[in-house]
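Subject: Structure handover

Hello,

Here is the structure for you to look through. My notes on it follow below.

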Amino acid sequence: MRIRTLTLAAASGAALLAAGVLPASASGATPRSAQEGSVSAADLLAKVTSCSQISSGKYKTDDETSATIPVCGKNGAVFWKADMDIDCDGQRTTNCNEDRDPWYQDDTAFHQSDGKPLKAESLPYIVVPSSSSIWNYSSAGIKGGGVVAVIYNNKVEYAVVGDTGPTKIIGEASYATAKALGIDPDPATGGADSGVTYILFKNSKVSPIESHSAAVTLGDSLAKQFLANN
């Protein structure tokens with residue numbers, strides 16, 4: 001849950017269905033494929049071409065940008081289109097630590113089933129803005145461990161809601177999420193300046209949160225339901 005003090009432009013080098021509970025064995029492996037599940041990026045993107053804004057205001061993508069990004073509502077989901085900054089917070093690993101990440105913090109808002117912080121290097125997760133007058137994620141049916149379809153360059157990666165960030169900035173995901181989508185995951189210089197779509201499925205929850213295979217299985221089911229209901 002980082003609060004960045006340096007400009008991100010410099011840092012990035014330019015940035016079960018309705019209940020949604022699906023138990024599965026934990027897996028810490030970095031996902032091997034960036035096209036996960038059976039629902040295509042094109043089919044998902046076709047459902048989010050227009051925005052019915054549910055946030056009271058709009059978000060910035062970086063400290064120095066204007067607030068232009070709304071949170072949008074759909075049947076069974078919320079979504080936004082933004083950039084991707086790299087979150088390396090949580091357990092210290094080879095690529096996520098104080099030496100590699102100028103904003104590193106050794107905790108995440110949501111924790112593994114054993115109580116430890118998440119592992120940004122191996123677990124695909126996204127960051128939601130902390131609740132504020134702009135938008136309250138929990139009131140919208142979004143919770144820690146909820147499933148997210150992250151789409152970039154015609155690829156779909158399923159992730160979980162794993163951390164919270166600044167109240168006025170949106171568009172951030174873990175090292176593992178970026179790597180799986182072919183985005184430079186370096187926490188200091190990587191990320192994507194634009195073109196990332198985040199679709200968060202309401203009232204979903206992966207159990208345990210650290211199981212990426214559970215996120216993919218549940219995400220694929222929820223994505224199919226999303227297409228049918230929108």
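Read along the sequence, the order of elements is α-β-α-β-β-β-β-β-β-α-β-β-α, which comes to four helices and nine strands. Helices (H or I, at least four residues) and strands (E, at least two) are DSSP runs, numbered from the N terminus.

This is a predicted model, in which local features need pLDDT of at least 70 and side-chain atom pairs count only at pLDDT 80 or more, while totals for chains, interfaces and linings use all residues. Residues are numbered from 1 along each chain as its sequence is written, and side-chain values use heavy atoms, with hydrogens and water left out.

Of the 230 residues, 54% count as buried. Buried means under 20% relative accessible area, exposed over 50%, and partly exposed in between (1.4 Å probe, protein chains only).

There are two disulfides, a disulfide being a pair of cysteine sulfur atoms within 2.5 Å.

- Cys51 and Cys72 have their sulfur atoms 2.0 Å apart. Cys51 is in the loop between α2 (41-46) and β2 (72-74) and Cys72 is in strand β2, so the bond ties together parts 21 residues apart in sequence. Cys51 is partly exposed at 39%, whereas Cys72 is buried at 4%.
- Cys88 and Cys96 have their sulfur atoms 1.9 Å apart. The S-S torsion of this pair is about -60 degrees, so the disulfide is left-handed. Cys88 is buried at 0%, and Cys96 is buried at 0%.

Finally, Gln112 sits in the loop between β3 (77-87) and β4 (125-129) and is buried, at 15%.

Regards
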